[in-house]
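Here is a short report on ring contacts and pockets. Look at the sequence and the structure first, then read on.

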Amino acid sequence: DTAKDGDEINIPAGEFIINKSIYISKFISFKGAGISQTILYRSDSISDALYDGTSGWDVILYFKINSNIPSNVTVSDIYFKSKTPSVVSGDGLSLAKDIGIKMIKCIDFVITRCRFENFGNSGISVVHDDKIASGLICKNEFYHNAKGFDGQGYGYGVTVYGVDNEWIVDPKFGSSNFIFIEDNTFDLHRHSIASGGGALYVARYNNITNNVIGSTSSTHAIDTHSARGGIIGNGNYFGTRAVEIYNNTIINTTFKNGTNISEGQSATLL
């Protein structure tokens, strides 16, 4: 509460339960001691109902910045972990559709050297201004950010959305006016990267494996939602506006049950 714009919160080595959401409206950075040392996690004893977006508990670090001023916010060297996920229908484990970090209209942020595991919606969720997008997500580990055998229609490593109020005529391909997602590893998701609502992003140099959560017709590594209409500003009134995708490695090596995929074996045998 006493931190000021430009301050950095240093979190020491240790395991810390973070049950409610931490809301940040200032340009404050967070730095841990390393992803194997600083662990922020959800308690399995807390009800899923509190993590499903209705009680203000669903995001661990929630940056409600809402500014077009460069923030220089950095989150680094932290392991974010949610409740033990359900993997088989009826197993009684978590189905909460929660998020590790959410950024709302935050310019020039960096999220790096972090690990995101077992979140039901997405590890990182970014909402940028329709005209201005500037942020870097790099050198992170994303593992099994999906809950339920089918991901419940979610199950993302990173999501990127515009505020969905305006279709930009010129998205300025090749410029810095994008959310850059690069040099990360993704394993076991429905979509490793998903987007909509006028999103602008670049996905490059990522190592993406095993997008096998859900049915074979709706699981893929990199996603751009189409325009779905309805109410403007609802997240999918407009489709994804512009993406640049190159130099990624994308491969499935295992089925959902962990067994190896063999050459000649049907991909539908999940």
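Which strand supplies the largest share of the lining of the second largest pocket? It is strand β3, residues 22-24, with three residues. Keep in mind that this is a predicted model.

## The second largest pocket

This pocket has a volume of about 180 Å³. Its lining includes Ile22, Tyr23 and Ile24. Asp1, Ala3, Ile9, Ser25, Lys26, Ile28 and Phe30 also line the second largest pocket.

Sort the lining by class. Seven residues are nonpolar, one is polar and two are charged.

## The largest pocket

The largest pocket holds about 410 Å³ of space. It is lined by 23 residues. Lys102, Asn121, Ser125, Val127 and Tyr161 lie nearest its centre.

Several strands take part. β6 (59-64), β9 (99-104), β12 (122-128) and β15 (156-162) each supply at least two residues of this lining. The largest share, four residues, comes from β15. By class, the lining of the largest pocket has eight nonpolar, ten polar and five charged residues.

## Aromatic pairs

How many aromatic pairs does a search of the whole structure find? The search finds eleven. One of them joins phenylalanine 116 and phenylalanine 142. This pair is stacked, with 5.2 Å centre to centre and 15° between the planes. Phenylalanine 116 lies in strand β11 (residues 115-117), and phenylalanine 142 lies in strand β14 (residues 141-143), so the pair ties together parts that are 26 residues apart in sequence. Both phenylalanine 116 and phenylalanine 142 are buried.

Tyrosine 205 and tyrosine 246 form an edge-to-face pair. Their rings are 6.1 Å apart, centre to centre, with 85° between the planes. This pair, too, links distant parts of the chain. Tyrosine 205 sits in the loop between β19 (200-204) and β20 (207-209). Tyrosine 246 sits in strand β21 (residues 242-246), and the two are 41 residues apart. Tyrosine 205 is partly exposed, with a relative accessible area of 42%. Tyrosine 246 is also partly exposed, at 31%.

## A cluster and a charge over a ring

Together with Phe80 and Phe186, they form one aromatic cluster.

Which ring does the charged end of lysine 64 sit over? It sits over the ring of tyrosine 62. The charged end of lysine 64 is 5.0 Å from the centre of that ring.

Conventions:
Residues numbered from 1 in each chain as written. Predicted model: local features only at pLDDT ≥ 70, side-chain atom pairs only at ≥ 80, totals over all residues. Heavy atoms only, no water. Phe/Tyr/Trp six-rings, centres within 6.5 Å; stacked < 30°, edge-to-face > 60°. Buried < 20%, exposed > 50% of the residue type's maximum accessible area, 1.4 Å probe, protein only. Lys NZ or Arg CZ within 6 Å of the ring centre and 35° of its normal. 1 Å grid on protein atoms, 1.4 Å probe; cavity = no way out; pocket = protein on both sides within 12 Å on 5 of 7 lines; lining within 4 Å. Points joined across faces, edges and corners; volume = space filled by probe spheres on them. Nonpolar A, V, L, I, M, F, W, Y, C, P; charged D, E, K, R; others polar.
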